[in-house]
Amino acid sequence: MEENLAANINYLVSLQLQETVMVETADLYKTPVNCASLRVPTVNPAIWTPMTSTMRVQEIWFQWVLKLIAAGITAFGKQVEGRAMSKIQKDMLTLFCNSYFEINCMRKIAIR
């Protein structure tokens, strides 16, 4: 991998960006209406009410991470929209979508 790109990746995965930067960036890539599965689910009030504060904090964190991944998938989709995807791009989309799926599954298990 090119050194500059590797340095950027290493930098971005080793520290937490400011929340305002993440919010502003994620807000640029709202979930398209035809991608209902990418909408970050909320907890039913009947389930939310009896949850402990620790569980609520964890749930809010899961929702936040899902929102960021959904925004990344949407940004990727905008980048490749209208073009044939390469094998690498298909792999990227598959890995990002599966990460979203797995985190959503972990979220559901944590609520139980």
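Helix α2 passes helix α4 in a left-handed crossing. In this predicted model, the axes of α2 (residues 19–27) and α4 (residues 53–80) come within 9 Å and cross at roughly 45°. The two helices are therefore oblique to each other. The protein chain as a whole has five helices and zero strands.

**The contact of α2 with α4**

- On the side of α2, the contact is made by E19, M22, V23, A26 and D27, and on the side of α4 by W64, K67, L68 and A71.
- Six of the residues in this contact are nonpolar, three are charged and none is polar.

**The pairing of α4 with α5**

- Two packed helices are described by the angle between their axes and the distance between the axes.
- For α4 and α5, the angle is about 165° and the axes lie 10 Å apart.
- An angle over 145° counts as roughly antiparallel, and α4 and α5 are therefore roughly antiparallel to each other.
- The crossing of α4 and α5 is left-handed.
- From α4, the residues that take part are M55, Q58, E59, F62, Q63, V65, L66, I69, A70, I73, F76 and V80, and they meet Q89, M92, L93, F96, C97, Y100, I103, N104, M106, R107, A110 and I111 of α5.
- The residues of this contact comprise 18 nonpolar, four polar and two charged.

**Helix α4**

- Helix α4 contains 28 residues and extends 41 Å from its first C-alpha to its last, which is close to the 40 Å expected at 1.5 Å a residue.
- The buried residues of α4 are E59, F62, Q63, V65, L66, I69, A70, A71, I73, T74, F76 and V80.
- The elements that cover these buried residues include α2, α3 (45–48) and α5 (87–111).
- Just after α4, G82 adopts a positive phi of about 80°.

**Helix α5**

- Helix α5 contains 25 residues, and its reach of 36 Å from first C-alpha to last is close to the 36 Å expected at 1.5 Å a residue.
- Within α5, the residues Y100, I103, N104, R107 and I111 are buried.
- These buried residues of α5 pack against α3 and α4.

- T74 belongs to helix α4.
- Buried means under 20% relative accessible area, and T74, at 6% relative accessibility, therefore counts as buried.
- When its neighbours within four places in sequence are left aside, T74 is in contact with Y29, K30, T31, P32 and L38.
- N104 is placed in helix α5.
- N104 is also buried, because its relative accessible area is 13%.
- Apart from its neighbours within four places in sequence, N104 is in contact with P41 and L66.

**The chain as a whole**

- From the N terminus on, the elements of the protein chain run α-α-α-α-α.
- Along its principal axes, the C-alpha trace spans about 50 × 30 × 25 Å.
- The protein chain has 112 residues, of which 21% are buried.
- Among the contacts in the protein chain with a separation of 6 or more, 68% are between residues 24 or more positions apart.

Note on methods: Residues are numbered from 1 along each chain as its sequence is written. This is a predicted model: local features need pLDDT of at least 70, side-chain atom pairs count only at pLDDT 80 or more; totals for chains, interfaces and linings use all residues. Side-chain values use heavy atoms; hydrogens and water are left out. Axes are lines fitted to C-alpha atoms, for helices over the stretch in contact, and angles run from 0 to 180 degrees between N-to-C directions. Helices (H or I, at least four residues) and strands (E, at least two) are DSSP runs, numbered from the N terminus. Angles under 35 degrees count as roughly parallel, over 145 as roughly antiparallel, 65 to 115 as roughly perpendicular and the rest as oblique. A crossing is left-handed if the near helix is turned anticlockwise from the far one by less than a right angle, and right-handed if clockwise. Contact means heavy atoms within 4.5 Å. Ala, Val, Leu, Ile, Met, Phe, Trp, Tyr, Cys and Pro count as nonpolar, Asp, Glu, Lys and Arg as charged, and the others, Gly among them, as polar. The expected span of a helix is 1.5 Å times one less than its number of residues. Buried means under 20% relative accessible area, exposed over 50%, partly exposed in between (1.4 Å probe, protein chains only).
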